[in-house]
Amino acid sequence: MSTPFASAAPYYARYRPPYPGEFHTLLADRFALDGSQTVLDLGAGPGTLGLPLAPLADHVYAVDPEPAMLAEGARLAEERGVTNISWLRGDDACVTRLCLPRIDLCVIGRAFRRMDRGRVLADLDEVLAPRGGVAVVESLYRPGDPRPAWLTVVEEVRERFLGPARPGQSGQSDRDDWDDLVDRLAKSPLSRVETHQWNQPVRHTVDEVIGLQLSFSSSGPDRLGDRMAAFETELRRALLDHDPRGTYARTLRIGAAVATRPRR
């Protein structure tokens, strides 16, 4: 059965901004990644996390329930000459049934919101190597954070076509959700938790702003249906009316939580 993520997959692969290099440097240092480790990218999408980690690992297992996302990831891997990734269909409920080797590092992006956090952390405890761990990374939002005016323009157009946005549809995690995530980690078998944050400047063209909206299941092609062309036209007009230069900047606040077993 097709899901909203299927039609959004090509836009997700092309228009989602990559995570900052500081995140990958953190993982390389924290887990001594030297090309001999096994990495699990859970809720991988098109490999936003797994593909950049592949050069640092012996093998990456990218797991996602949506075949279209896996197909996009496999396409990107072929384009980049990356051959040490296996693209596996599955979700957080099947971690212990995938018959994976011992995992040195599991990375999870915003898909962690949709997972049964308690269960998946218990399952990961079963498959992680003794010194293994989990790294969860998200775009964060704090009340009072600077907010560029062009995002309001986008939201106004989205609302005209799709109605008011629900929490989480912005692609950012709010403070309560992030705090809950960190608390879940601290109460899991992987209770040694460290958190990090970075500010990531991003600049978008008009096409990239539109493509980013189409990458969300909440505003992707399946949701828009036959209104998609009109949505693109209206959003383009509104953005250029707001700033005819056609470049839209913002700063993303990126949060990462790294969890390992307590030292004995």
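**Pocket and helix packing**

Trainee: How much space lies in the second largest pocket?

Mentor: About 320 Å³ lies there. This is a predicted model, in which local features need pLDDT of at least 70, side-chain atom pairs count only at pLDDT 80 or more, and totals for chains, interfaces and linings use all residues. Residues are numbered from 1 along each chain as its sequence is written, and side-chain values use heavy atoms, leaving out hydrogens and water.

Trainee: What makes a residue part of the pocket lining?

Mentor: It has an atom within 4 Å of a pocket point; a pocket is an open set on a 1 Å grid where a 1.4 Å probe fits, with protein on both sides within 12 Å along at least five of seven lines. Here 14 residues line the pocket, and P130, R131, G132, T260 and R261 are the closest to its centre. Strand β5 (residues 128-141) gives the largest share, 4 residues. By class, the lining has 4 nonpolar, 3 polar and 7 charged residues.

Trainee: Which residues of α6 and α10 make the contact?

Mentor: Among them are W150, V153, V157 and F161 of α6 and F231, L235, A238 and H242 of α10, with contact meaning heavy atoms within 4.5 Å. The residues of this contact divide into 11 nonpolar, 1 polar and 4 charged.

Trainee: What makes α8 oblique to α10?

Mentor: Helix α8 (residues 206-214) packs against α10 at about 135 degrees, with the axes 10 Å apart. Oblique is whatever remains after under 35 (roughly parallel), 65 to 115 (roughly perpendicular) and over 145, so α8 is oblique to α10. The crossing of α8 and α10 is right-handed too. In α8, residues including V206, I210 and L214 meet α10 residues including M228, L235 and L239.

Terms used. Helix = DSSP H or I, 4+ residues; strand = E, 2+ residues; numbered from the N terminus. Nonpolar A, V, L, I, M, F, W, Y, C, P; charged D, E, K, R; others polar. Points joined across faces, edges and corners; volume = space filled by probe spheres on them. Axes fitted to C-alpha atoms, helices over the stretch in contact; angles between N-to-C directions. Left-handed = near helix turned anticlockwise from the far one by under 90°.
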